[in-house]
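Good morning, colleagues. Please look at the sequence and the structure first.

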Amino acid sequence: MNRNSIRSTSLKGTVRTLSQQEELPLLRDHLLRLDKTSRHDRFHGFIDDSFIGRYAERCANDGTVIIAYFEDGVVRGAAELHPPEQSPDAQPEIAFSVERSVRRKGVGSILFRKLIAEAHAKGYTNLRITTGAQNDAMRALATKFGAQLTFRHGESTGSIDLTEQSQPEPAPAAAPAAVTPVEAARAIVDMNRAYWRMVMQMSGWGRAA
């Protein structure tokens with residue numbers, strides 16, 4: 001099993017892909033721990049525990065890849081890569097869930113990056129992601145990784161084109177060019193001239209150029 005430690009000042013866990021035998025108990029227990037709002041965001045509605053049990057069982061048997069974030073041996077975040085055979089349009093679908101105790105620490109970005117690498121390795125060219133329209137964190141994360149989202153019936157649905165995405169995250173913007181002391185002084189002089197010209201025109205002491 002692939003295991004990677006997380007190098008972060010705020011995270012102390014590991015990330016690895018679950019084996020098929022682990023998926024049912026570990027994914028199920030993680031999803032059951034989601035608070036009410038997180039569960040609603042993950043499944044786009046209010047669902048009961050029995051649904052989560054059936055859902056985890058299906059994932060364990062249909063070829064879904066689960067990449068999990070562990071802390072102290074417990075799954076606190078999960079990224080799901082559902083095979084195209086399970087989709088009516090033959091497009092692989094991805095989904096994410098992160099428990100509240102590890103939110104805002106970069107877990108979602110780590111899982112997203114690992115999942116895209118897994119999709120590349122499988123030769124997938126497109127991924128579909130669906131999230132609740134109110135799930136701002138997930139929509140922002142999906143957009144960060146190149147998803148083009150549309151809104152419909154209370155959901156946000158997006159597609160990530162892996163053929164155009166060699167890197168999972170967009171390149172940072174170029175830094176602005178350095179300004180020399182001479183250029184700075186000239187800019188200050190020009191600004192002062194413009195200011196006093198405007199004052200004189202408004203006071204009737206001068207006329208427009």
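**Salt bridges and helix packing**

A search of the whole structure finds 11 salt bridges, a salt bridge being a side-chain nitrogen of Lys or Arg within 4 Å of a carboxyl oxygen of Asp or Glu. One of them joins the side chains of Arg100 and Asp35, at 3.1 Å from N to O. This pair links distant parts of the chain, 65 residues apart: Arg100 lies in the loop between β5 (93–98) and α4, and Asp35 in the loop between α1 (20–33) and α2. Helices (H or I, at least four residues) and strands (E, at least two) are DSSP runs, numbered from the N terminus.

A word on conventions. This is a predicted model, in which local features need pLDDT of at least 70 and side-chain atom pairs count only at pLDDT 80 or more, while totals for chains, interfaces and linings use all residues. Residues are numbered from 1 along each chain as its sequence is written, and side-chain values use heavy atoms, with hydrogens and water left out.

As for confidence, the chain averages a pLDDT of 77, and 71% of the residues score at least 70; pLDDT is the predictor's confidence in each residue, from 0 to 100. Over residues 167–209 pLDDT stays under 50, and for that stretch the model has 16 contacts beyond four places in sequence. Contact means heavy atoms within 4.5 Å.

I turn to the helix pairs. Two packed helices are described by the angle between their axes and the distance between the axes. Axes are lines fitted to C-alpha atoms, for helices over the stretch in contact, and angles run from 0 to 180 degrees between N-to-C directions.

How do α1 and α3 pack? Their angle is about 155 degrees, with the axes 8 Å apart. The two are therefore roughly antiparallel to each other, given that angles under 35 degrees count as roughly parallel, over 145 as roughly antiparallel, 65 to 115 as roughly perpendicular and the rest as oblique. α1 passes α3 in a right-handed crossing; a crossing is left-handed if the near helix is turned anticlockwise from the far one by less than a right angle, and right-handed if clockwise. Among the residues that meet are Leu24, Leu27 and Leu31 in α1 and Ile52, Tyr55 and Ala56 in α3. By class, this contact of α1 with α3 has nine nonpolar, three polar and four charged residues. Here Ala, Val, Leu, Ile, Met, Phe, Trp, Tyr, Cys and Pro count as nonpolar, Asp, Glu, Lys and Arg as charged, and the others, Gly among them, as polar.

Next, α2 (residues 36–43) packs against α3 (residues 49–61) at about 50 degrees, with the axes 13 Å apart. That makes α2 oblique to α3, and their crossing is left-handed. Arg39, Arg42 and Phe43 of α2 make the contact with Asp49, Phe51, Ile52 and Tyr55 of α3. These residues divide into four nonpolar, no polar and three charged.

Finally, α4 (residues 107–121) and α5 (residues 136–144) pack at about 45 degrees, with their axes 11 Å apart. That makes α4 oblique to α5. α4 passes α5 in a right-handed crossing. Gly108, Ser109 and Phe112 in α4 meet Met138, Leu141, Ala142 and Lys144 in α5, a contact of four nonpolar, two polar and one charged residues.
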